[in-house]
Amino acid sequence: MSSSGNDEVDQDNQSIESLKRNKRRGVSRRRFIGLAGAAAGAIAVGGSAYFLSQDRIGTPVDPRPRRVTTIATPKNAQNYIPEDYLEFIRFLESISDQTAGKSLRVAMEAEVGPRALFRNRIDFSSSLGIELLMEFDIYRNNLAKSLLAVSTRSPTFDVFNIDVSQVGRFAIHIIPIAELVERFPEQTFSNLELGDFLDPVKAFSATYPPDLILPPWNIPAGTFKGTEVQVGQETPLYLRFYRKDLYQEEGRELSSTWDEYLEDVKHFHNPSRARWGTVLMAARFPAVIEEWHNWLYSFGGKLWDVGRDGVITSDANSDLAVAALEHYVEVGKYAEPNSPFYGWGPAAESLTKGRATMAINISEFASLMDTPGISFVIRDIGFAKNPRGEAGSSHHYTGAGLAVSRYSRNPALAWLFIQWATLAATQVIVALDPLALGTPTRKRVFEDPHVKTLINEGTIRHFDPVKAAMDAGEINFKPGFPNWDSIEGLLFTKLHEAVLKQVTPREALNEVKRLSDESGPFAF
């Protein structure tokens, strides 16, 4: 619903206590999704609807005209807003005289977490009296325009959404977190809790050079004297997606090892019924690198050998790496035929349409599995940790963070946005949003009672395996040194060719090793 003119003035005096009463009235999941869709439609045609209603929080301090804070509701099917969230909104209101009339531009990847922030953006912009422009794009496009901005030292974007594999290319162009806290004490929330982030998120995505604290490197934190340059915004982790209904019907136990996983894939493979054992994301695109990483590190291999002196050399064609790719290619024999041309989204769609029985995909697609009108397998998809290889289970982390551009004209305002977007209370809202079910970067969110309720009753089924993998340190990632892009293109091309059997796995990885040796050694 939109409001303007006298309606806005009439609703202006709604108190926080009234908002609390209203938010206790829940709505059904299906009803919530319908409201969210209606709101999105209104926004698309230039309206001002933000879900069902726009509740206003405003306490007059003097008779002069004042700004109105608007809170998007309902935020979730429980209509729940954490008290900590309202406390942060009050903090923003208290400094709004410093920000009113300004504009902020944010470059974001079009992922479920950022989209959930978009649905709630009026909370942030109205409490500060600013214009907030969130520009969404797919990964490659977002990366390209962000790199263009920093290469020209342009103030186009105030905030960047930087993938873990790309941090090295941005590090000199963004303001470290400690510097932001020091420069802008009045704009730093007193209850920020920067120590609450998951350890791998902090070590791999927030810090550059990264802390390689987990196998296969096991290098002590601080060895490379890294600095926290961004704040972890999301935790997309590769997990096993599987048709739990089919497993239950047949009384079949979930496989533990990669060889058993292959047997499961074969068992459920039935092309005559348009059902394949699995689906791969093996297009000439970064997704195939990420997917293969789940095999690579589990088999005991690694893409890069990183010395304690910071020198980075290729280990791409080791026997362990070749064995991992051979197994990946073997699994691909039972994948949906279009797999060599699929990336993240089409592979997830194969699961939602019931074409693939199981797959390794990103946790951020969990909500899609249960979205009415999109999924044919609602509540039928289970989530589990990846199968074990010789080095145990391993899960590729491909998270992104939020960073302030050194060329921003409003760095204090950009810092406020990052605090709002990564606040524990905001992450609770994103986690409870059925269109997102966004995996948090903060430990506290996993323990929130409202989040645990949805975990226990089965709406959120991916958080437990994500947290278990994080706690066990069963995480791999692509260290984001500056010259990573010089190898990336050849690597995803050769993996793609191996799946198509145009080259053998060893030939593919020998070529990657050759180019890496010619271009390297590398450094952070």
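Apart from its neighbours within four places in sequence, Thr207 is in contact (heavy atoms within 4.5 Å) with Lys202, Gly226, Thr227 and Glu228. The model is predicted, with local features requiring pLDDT of at least 70 and side-chain atom pairs counted only at pLDDT 80 or more, while totals for chains, interfaces and linings use all residues. Residues are numbered from 1 along each chain as its sequence is written, and side-chain values use heavy atoms, with hydrogens and water left out. Thr207 belongs to strand E6 (residues 207–208); helices (H or I, at least four residues) and strands (E, at least two) are DSSP runs numbered from the N terminus. With a relative accessible area of 6%, Thr207 is buried, where buried means under 20% relative accessible area, exposed over 50% and partly exposed in between (1.4 Å probe, protein chains only). A polar atom of the Thr207 side chain lies 2.7 Å from the backbone oxygen of Lys202.

The peptide bond from Tyr208 to Pro209 is cis, with omega near -10 degrees, and Pro209 is placed in the loop between E6 and strand E7 (227–228). The loop between E6 and E7 also holds Lys225, a non-glycine residue with a positive phi of about 55 degrees. Lys225 counts as exposed, at 69% relative accessibility. Leu437 likewise has a positive phi, of about 45 degrees, although it is not a glycine; this residue is in the loop between helix H17 (424–432) and helix H18 (443–446). At 3% relative accessibility, Leu437 counts as buried. A cis peptide bond also joins Thr73 and Pro74, with omega about -5 degrees, and Pro74 lies in the loop between strand E2 (69–73) and helix H4 (83–94). Most residues other than glycine have a negative phi, and most peptide bonds are trans.

Four strands form an open sheet in the order E10-E13-E9-E14, with mixed pairing; two strands pair if DSSP finds at least two bridges between them. Strand E10 (276–278) and strand E14 (381–384) are the edge strands, each pairing on one side only. The twist from one strand to the next averages 25 degrees. Strand E9 (residues 238–243) and strand E13 (residues 356–362) run antiparallel and are joined by five bridges, with Phe241 opposite Ala359 in E13. Helix H15 (residues 344–352) packs on the sheet and touches E9 and E13, its direction making about 145 degrees with that of E13. Axes are lines fitted to C-alpha atoms, for helices over the stretch in contact, and angles run from 0 to 180 degrees between N-to-C directions.

Across the whole structure, 27 aromatic pairs are found. Rings of Phe, Tyr and Trp (its six-membered ring) pair if their centres lie within 6.5 Å, and planes under 30 degrees apart count as stacked, over 60 as edge-to-face and the rest as tilted. The pair of Phe160 and Phe170 is tilted, with ring centres 5.7 Å apart and planes at 50 degrees. This pair links distant parts of the chain, Phe160 in strand E5 (residues 159–163) and Phe170 in helix H8 (residues 167–170), 10 residues apart. Both Phe160 and Phe170 are buried. Trp304 and Phe481 form an edge-to-face pair, at 5.2 Å centre to centre and 85 degrees between the planes. Both Trp304 and Phe481 are buried. One aromatic cluster comprises Phe204, Trp217, Tyr297 and Phe477.

Methods:
Polar contact = N/O pair within 3.5 Å; in protein donor to acceptor, adjacent residues only side chain to side chain.
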